[in-house]
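Subject: Structure for your review

Dear colleague,

Please find below the structure that I am handing over to you. My notes on it follow, arranged by topic.

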Amino acid sequence: MNARPIPVLLTSLASAALLDGQGNLDLVQETRGTPVDWGGVYGQLVRLTGPWRLVLHVDGAAQGLPESRVDARVTDGRWVSHHRWDRLEIVQSVAAVMDPPGVLRTLRCTVTEGPPIALTVESSWSPFLLPVLVEGIRPIHFEVETRGTEWRVRQRGFGLAFRSTVPASQLLINRASWRGGQYAGRVEELRSEHEVRVAPGSPAEITFLVHGGLERDLGRSTNLESVLQDPARAGGASGVDDATWTGRTATLRFPNAPTLELAYSLARTALRRLYSAPGDGLAGLVAGYPWYSSIWCRDLAWMLPAVLWLGDFDWTERSLTSVFAFQSRSTLPILGGEPGELPMQISPGPIFFYGTSDTSLYYPGLVSRLVRHSGRRASVDLWIPAVQRVIDWGRARTDPETGLLRHGGEVETISAAAASLARIRYGIDAPDTTIWDSTDRRPHAVDIQALWYDALLAASGLVAESVPDSERAAYRSLADRVLDSIRRRYPWPEERYLYDSLGAQGPVRKVRPNALRAVSAGLLDPNVAHEVVRRAAEGDLTTPWGVRTLSDRDPTYDPQAYHDGQVWTIATSWAADAAYHVGEPELGYAYLETIARHLVDEGGFAHECYRGDRPEPFNSCFLLGFSVAPFLTSLFEQLWGLAVDAERRRLTVRPSFPAGWTEASIERLSLGHGTVDLKWTPARWTVRWTGTEPLTVGTTSGEVVVPPGESRTLERTVTAAAGSRPAEIS
Amino acid sequence: MTGHRFGAILSLLRQGLAVEVEFGSHSLEAMVWVAETVERSVYEPHSLCRTADGLRFVLNNPPLRTGAFSWVSLAVDGAVVPPERVWTRPGPGSPWKSLQGISIEHPFEVRPGERTEVVIRDPLPLGRPEVRIRIEFRSVAIPPLVWFEFSDSLGPETPG
């Protein structure tokens, strides 16, 4: 599985370049069963171009950049390749820039001896100009116009601009020569030719910039000229920002497990690639690359806990603000929205859609998490009404007898709303939209109930001073009913597992990893929870490369069905989490190692999913946020056993390190306004705290209060017979 | 205009107004851009025309979902056309393939921006001013059926 070329993903907060590392912006990826080229430039979550290729011409001979490539590397956020063709030495640099949102591409051409060379650089690409939320569409008709040395291309409200530091000597549309001006019609390809002279001691440099997204934002940047005049600085800016961000996040060291330590570092870097502030005041993380490069709020919800552990409270706050801003206040069948519902997806425009059963349910818990990590209450108080509306949305779809949340029919609502209006109609017959949204799990999937329970409890804690006691009691009472229903109705004794859902015809007998979410939420009797974890570890659900979405013993199992057989990395994280929860640290660690191997083998990315019958990515984004973020969260919460309470300035550490480990450490764990450094050995804890008030740290060796700016050590004597003996505080 | 259609339009107006009030006019505008682009980028407008033995039309893109499809079915005015009478090719010069030969091993493949010519070799009764075409696709990777439906008036006859 490691034979596939590793993609190169360059990002700024508002743009991305996708390439295969061979020389051009090409990136062919198997997509839904067929190869598709996802290479090109992305800006403001709009795919601006298809593959972007440069060809060199000298004296009638032509050479593509991939054919002349000598070597390449990523450095300071830029991809730099070295090419050699006859006497020409070429260094190419590709970088994503934020302002304007786009991609810079610079060629520096040199010769060391001989006569001057007349070099023509030919650039070609096809415009796309549609948000990535529509994965399978490339618009056909565009408006093209030249303005001085710039090309502008428009498609409805989306637009891009193409500039170069060497004006084009020749323009072509669809391979036919064009004198410039204005053109409207079908566009397959836009090509330009740029002539430079290269002589010994007189190198030539040409920089291209493609930028855009929303047409109304084109031309607003005041940065354009400086970006073109100093491409090295502009191109390196994202690298500088990344380094600054990384320097503020926690560093985890596992000297006894170098692969795990490397995987942590890779996953953190991968998560950073997904940060996005694409415009219109939006902030968040895109779901993945290449075809989920927009802000999916369910995926964001799985990423934000990791972002909090990394200490980026500001980004979490901005992300939550972005999502709550698009909470539906009324019934919008055309967008699948109901009052109180949070969006499935948001993009600049702004463009947003609703219609999932789970997205809204994550957010009350996320608000609670933000408070626990940061101690911040200002935004939280503003979000309380939104949290209440989420609960009202859930209550409107709750079974009055069981308290269970009812889901399904969300996409059908959209189709029905549009049915009698258009001459052209299209749709996907997806009857249900849980996290496994291509399969029908109606109407009471177990993980949705766990989320509903969590949302009710979180809301009850958050609204404490904002609503009457009776309302808060109603939240808790409903949570109790959900809990009771889960404990009484879902256990599946024959399988020692939980039913996947409860339907009108009775329980749905399918072994899926989703049951593990009820374990992690602490909803089950400990014996039942333990049995569920052991059952999930059997070979029909757990493979050496991760956890399947459905047991391979199920009659509907299909190894290449997205949610009915494929292995998903997020499901592997769920299994790790649940195993630690029931006190099976060896099993939990084995799952974490599986994900760590993927991260290392896949060059720092983690695929969305793999075939169910062999460890081969299939129909899989090469990077998905919810493949890397839950892994990071598990390292903090399960392996390290960390729990935070910034308002009470308290940190609890109950690690479950593998037997034989001799040391581990964390540097710069953010908590409220301070950071904590932790060092662990079997004989000693050392805690350092930078906050302004004392921090109470509870460990397996006892509790210690650490004054601001100081360190404390907890000694313990390890005896061979009796294990460890707590605790001396120095 | 039927009462149902009138009601649907009123509902749409109400929803549009709600979006504008809650999220601003830019939102409404941007949603329309996306909807219009999708509408106009899959079926090539006015490409539906009569041939000597049936119909032909052109798709310029996949039906929302890209990729490989193990099953494709086409219906004209609600009547499913036998798969051996529906033929497709990416463009001039490429070989025609019938829907009958499509399977998980030999899927029908479409990628963003790729053109597909479709020919239906099934005589259509004369006198119909407008025809409704529905195509259903089953992906090799994601189970739910994807469908695309359009209606258009028939253009002048072209060679089949």
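I begin with the lining of the largest cavity, to which strand 2 (15-19), strand 5 (40-43) and strand 22 (275-279) of chain A each supply at least two residues. Please bear in mind throughout that this is a predicted model.

The largest cavity holds about 100 Å³ of space. Its lining is made up of 17 residues, and those closest to the centre are A:Ala14, A:Ser15, A:Ala16, A:Leu45 and A:Tyr289.

A:Pro290 is placed in the loop that runs between strand 24 (288-289) and strand 25 (295-296) of chain A.

A cis peptide bond is also found from A:Arg442 to A:Pro443, where omega is near -10 degrees. In this case the proline, A:Pro443, belongs to the loop between strand 28 (424-428) and helix 9 (446-462) of chain A.

A:Asp76 also deserves a look in the backbone: it is not a glycine, yet its phi is positive, at about 50 degrees.

The volume of the second largest pocket is about 1400 Å³. It is lined by 50 residues, and A:Gly365, A:Arg369, A:Arg372, A:Asp454 and A:Glu637 lie nearest its centre. Elements of chain A that give two or more residues to this lining include helix 4 (297-309), helix 6 (359-374), helix 13 (569-581), helix 15 (625-639) and strand 38. Helix 9 of chain A provides the largest share, with ten residues; the loop holding A:Pro443 lies between strand 28 and this helix. The lining of the second largest pocket divides into 23 nonpolar, 13 polar and 14 charged residues.

Strand 39 (residues 650-653) and strand 43 (residues 695-699) of chain A run parallel and are joined by four bridges. One bridge pairs A:Thr652 with A:Gly698 of strand 43.

The interface between chains A and B

How many residues of chain B are in contact with chain A? There are 59, and they meet 58 residues of chain A. The area buried between the two chains is about 5200 Å², and carbon and sulfur atoms give 61% of it. On the chain B side, B:Trp33, B:Leu64 and B:Trp147 together supply 14% of the area that chain B buries against chain A, more than any other three residues.

With kind regards

Technical notes:
Residues numbered from 1 in each chain as written. Chains lettered and ligands numbered in written order. Predicted model: local features only at pLDDT ≥ 70, side-chain atom pairs only at ≥ 80, totals over all residues. Heavy atoms only, no water. 1 Å grid on protein atoms, 1.4 Å probe; cavity = no way out; pocket = protein on both sides within 12 Å on 5 of 7 lines; lining within 4 Å. Points joined across faces, edges and corners; volume = space filled by probe spheres on them. Pairing = 2+ DSSP bridges. Contact = heavy atoms within 4.5 Å. Buried area = accessible area lost by both parts, 1.4 Å probe. Nonpolar A, V, L, I, M, F, W, Y, C, P; charged D, E, K, R; others polar.
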